[in-house]
Amino acid sequence: MNQKNSNIFILTNNATGDSWELPVLEGSVGPDVIDVRRLYADTDHFTYDPGFTSTGSCKSKITYIDGDEGVLLYRGYPIDQLADKSDYLETCYLLLYGELPNPEEKSKFVNDITHHTMLHEQFNAFFHGFRRDAHPMAVMCGVVGALSAFYHDSLDINDPHHRMVSSYRLIAKMPTIAAQAFKYSIGQPFIQPRNDLSFAENFLHMMFATPAEEYKVNKTLSKAMDRILILHADHEQNASTSTVRLAGSSGANPFACIAAGIASLWGPAHGGANEAVLTMLNEIGTVDNINKYVKKAKDKDDPFRLMGFGHRVYKNFDPRAKVMQQSCHEVLGELGITNEPLLDLAMALEKIALEDEYFVERKLYPNVDFYSGIIFKAIGIPESMFTVLFAVARTVGWISQWNEMIEDPTQKIGRPRQLYLGEDVRDYIPLDKR
Ligand code: SDX
């Protein structure tokens, strides 16, 4: 395939001499794309890209990543500026609507979300169907999917008002569901949301308050939580967002689509990595063991990977990891935790890995999950809740991408093809002849 001019690729079949012109679609920034939508009809061939390493699945204006430069933009705004200057609900508005809200827009949005944080009282029954020791992500998959059994008044995906009502409900209710999943797992009573608290303060209050005594939200922790929510809010067409888009392309309701996204996020190669990092650090135990585990990570015969390292897109530092590491030091310092062995271990591991040829050659850097668990642990979040927090934060990204897909007049049901390597047609063999 070669490029005739800035807008056309020529595809030539050397065996037959046939050639086809493939249009190039230009992005506002980042790589252009070769439009292969006509390829099968014209050439009777599919493209083949099982991990979608070279495939653009959609058009989007929401999030841009430059993996080589370590750049992440939400609607054009750099993630470090948003983490430093914005707050989570303002970032939600930005992702949903494309622009930062003015004071009136922000006040109304915050008020609307705040007044949708409660759950239908009958919802509590869902939690009681789970074992107390159920993983909270299993509870999230089930309970979020069940939202579609309660909110029939906002399931018409072709009605913009219904879409926004569902979007607000999901953003508002996810922290309540997450906190209730945690409370259920420890046998404590559910704590209802409070409208006088910010999104992050309210979440911490629902997680850690008890009816027995007043719980005062630590401002340092709620600010760190709010920043972590911003960092996890969206990330282009990652596995769970692609899952939400694919589920939504069939016309499934938004609650079911977000439940599908939660299921995909759970995997240790994706959102489950933050929990896996803490498990790994605890398994490594001391700085003296680091080289043994780095060796295991490099051993092709060993399934062990350095969790929190590497990324499909970032071939430089994940900008979120940098902010997370700074937050680590701030939170631990503010909490007076001068000696956190896990942080010392993580920093030593990062130093050793980044000096190792294997990681340097493959451009494996710490990703968003490498430091997040250490902050979560300092805040008092149990490891089993780490990926749940990721799901709470990412809900706005999932639902913004879902809305963008539904509003795209050219969107079609996602239906990939395959390279078939199975048997050709053959006749049935009766049982007595096998
Ligand atoms: C998230 O996509 C997103 O945007 C996701 C996310 C988001 O915000 O939505 O950023 C969140 O999921 C972050 C990633 C969290 N996952 C982990 O930390 C798990 C550990 N990382 C790896 O599993 C891996 O790096 C992936 C899954 C993240 C990326 O895998 P790729 O892009 O498919 O890369 P690969 O598996 O082909 O690896 C390339 C090479 C291989 O070696 P070779 O075959 O070339 O010899 O690098 C090696 C891999 O073996 N490698 C690692 C490694 N990651 C890749 N070796 C050891 N330890 C690792 N962590």
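In which hand does α7 pass α8? The crossing of α7 past α8 is right-handed, where right-handed means that the near helix is turned clockwise from the far one by less than a right angle, and left-handed that it is turned anticlockwise. The model is a predicted one, in which local features need pLDDT of at least 70 and side-chain atom pairs count only at pLDDT 80 or more, while totals for chains, interfaces and linings use all residues. Residues are numbered from 1 along each chain as its sequence is written, and side-chain values use heavy atoms, with hydrogens and water left out.

Helix packing comes first here. Two packed helices are described by the angle between their axes and the distance between the axes. Axes are lines fitted to C-alpha atoms, for helices over the stretch in contact, and angles between N-to-C directions run from 0 to 180 degrees. Helices (H or I, at least four residues) and strands (E, at least two) are DSSP runs, numbered from the N terminus. The axes of α7 and α8 are 8 Å apart, at an angle of about 20°. That makes α7 roughly parallel to α8, given that angles under 35 degrees count as roughly parallel, over 145 as roughly antiparallel, 65 to 115 as roughly perpendicular and the rest as oblique. On the α7 side, I171, P175, T176, A178, A179, F182 and K183 meet F199, F203, M206, M207 and F208 of α8, contact being heavy atoms within 4.5 Å.

Helix α7 has another partner in α6 (residues 136-146), with axes that come within 10 Å and cross at roughly 135°. The two helices α6 and α7 are therefore oblique to each other, and their crossing is right-handed. From α6, the contact involves V139, M140, V143 and V144, and from α7 it involves L170, M174, I177, A178 and A181.

Aromatic rings turn up in several places. Rings of Phe, Tyr and Trp (its six-membered ring) pair if their centres lie within 6.5 Å, with planes under 30 degrees apart counted as stacked, over 60 as edge-to-face and the rest as tilted. By this rule there are 19 aromatic pairs. In one of them, the ring centres of Y88 and F199 are 5.0 Å apart and the planes stand at 45°, so the pair is tilted. Because Y88 belongs to helix α3 (residues 88-97) and F199 to helix α8 (residues 199-208), this pair ties together parts that are 111 residues apart in sequence. Y88 is buried, at a relative accessible area of 1%, and F199 is buried too, at 11%; buried means under 20%, exposed over 50% and partly exposed in between (1.4 Å probe, protein chains only).

F109 and Y168 make an edge-to-face pair, 5.2 Å centre to centre with 85° between the planes. Here F109 sits in helix α4 (residues 103-114) and Y168 in helix α7 (residues 160-185), 59 residues apart, and the pair links these distant parts of the chain. F109 counts as buried at 2% relative accessibility, as does Y168 at 12%. Elsewhere, F309, Y358, F359, F370 and Y371 form one aromatic cluster.

Some rings also have a charge over them, which requires NZ of Lys or CZ of Arg to be within 6 Å of the ring centre and within 35 degrees of the ring normal. R132 lies over the face of Y184, 4.1 Å from the ring centre. The charged end of R417 is placed over the ring of Y40, 6.0 Å from its centre.

Back in helix α3, C92 is buried, with a relative accessible area of 0%. Setting aside residues up to four places away in sequence, C92 touches F109, I171 and V396. E90, also found in α3, is buried at 15% and, leaving aside neighbours within four places, is in contact with L100, P101 and K106. Over in helix α8, E201 is buried at 12%.

Most residues other than glycine have a negative phi. D44, not a glycine, has a positive phi of about 60°; D44 lies in the loop between α1 (39-43) and β5 (63-66) and is exposed, with a relative accessible area of 58%. R75 has a positive phi as well, near 55°, and is located in the loop between β6 (71-74) and β7 (77-78).
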